[in-house]
Amino acid sequence: MKLIKKVSTSSRNGDVSALLTLIVGAFAKNDWTADTYLSTVLATVSEYDTSLTESLKRLQVFSQMAEKDHERDIAILSLFKLVEGYTHIPVAEVKEAAVVVYNVLNHYGLNIRNDDYAGESAEIRSVLNDLGKTDIAAAITKLQGVSDLVTVLTTTQKDFETVALQQAEGEGAKQDLASASKIKKAAIKELNDNLVGYMNTMAKAKPDTYKATAQTISELIDSNNEKVKRRRTESEAEADAEAI
């Protein structure tokens, strides 16, 4: 069989996470407890697999928080602009209602969008509470579309808080979790330094025991490295096209 190649150090966090899971799964099909060295290496690889998966999940939540924050920022801006527009309409009843609602919004200002996550959440909850007061709610009914935007703001705020809670729970449980990039680098080093060479040697020394699994690992790493190479080639091609 051909030798197992080392994992490309240009692999991304997601690449290595997927590769680790596949490698752990491949070895799990057999009992390796008799090989104490390999068992130790596999235990380390499995730990990296779990840690990297959890780290990437946490990064995904951070990404979701930014997305949800953007959605509520858009809702705030839309609400402010619509109400402000109504203050310029030359219809007394509409203008008076708009001024009532606008005064509430203007008390907080559009700059609440620039507060930190916690500060903005507190401000939005306060805004929604004020908009729900009897006299303000009555004024809102006279302004077409405003009630709908208040509902949108309420929904986007709840969505943000849901994701923020997930992030807080994950942070509390794994506050000392290493960054995904650091885990990826350590995992690649473990595979390249302690697994690849050993499996190449044992596949030749004891093919009946190791060869089939070594072949699988070789294919998995080749597939990963090919994907990395293809992605790099495509990026270079795009860069050349932009330069022309």
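This is a predicted model: local features need pLDDT of at least 70, side-chain atom pairs count only at pLDDT 80 or more; totals for chains, interfaces and linings use all residues.
User: Which residues touch the most other members in the largest nonpolar core?

Analyst: In soluble globular proteins, nonpolar side chains tend to be buried together. Here the largest nonpolar core has 29 residues, and those touching the most other members are I23, F27, L38, L191, L195, M199 and I217. At least two residues each come from α1 (13–27), α2 (36–86), α7 (180–205) and α8 (207–243). The most come from α7, which gives ten.

User: What does I217 touch, leaving out residues up to four places away in sequence?

Analyst: I217 is in contact with I4, I23, A26 and F27. Another core, of 26 residues, lies apart from the largest one; L105, I124, I140 and V150 are among its members.

User: How far apart are the end C-alpha atoms of α7, and where does α7 bend?

Analyst: An α-helix has 3.6 residues a turn, so residues three or four places apart point the same way. In α7, 26 residues at 1.5 Å a residue should span 38 Å, and the end C-alpha atoms are 36 Å apart, which agrees. The helix α7 bends by about 35° at L195, and L195 is also among the residues that touch the most other members of the largest core.

User: How many cavities of 30 Å³ or more are there, and what lines the largest cavity?

Analyst: Rolling a probe the size of a water molecule over the atoms shows where empty space is left. In this model the count is one cavity of 30 Å³ or more. The largest cavity holds about 30 Å³ of space, and its lining consists of I76, L79, F80, L105, I112, I124, V127 and L153. Two or more lining residues come from each of α2 and α4 (117–131), with α2 giving the largest share, three residues.

Key:
Residues are numbered from 1 along each chain as its sequence is written. Side-chain values use heavy atoms; hydrogens and water are left out. A nonpolar core is a set of buried Ala, Val, Leu, Ile, Met, Phe, Trp, Tyr and Cys residues joined through side-chain atoms within 4.5 Å. Buried means under 20% relative accessible area, exposed over 50%, partly exposed in between (1.4 Å probe, protein chains only). Helices (H or I, at least four residues) and strands (E, at least two) are DSSP runs, numbered from the N terminus. Contact means heavy atoms within 4.5 Å. The expected span of a helix is 1.5 Å times one less than its number of residues. The bend at a residue is the angle between axes fitted to the seven residues ending there and the seven starting there. On a 1 Å grid over the protein atoms alone, a cavity is a set of points where a 1.4 Å probe fits but cannot get out, and a pocket is an open set with protein on both sides within 12 Å along at least five of seven lines; lining residues have an atom within 4 Å of a point. Grid points are joined across faces, edges and corners, and a volume is the space filled by probe spheres set on the points.
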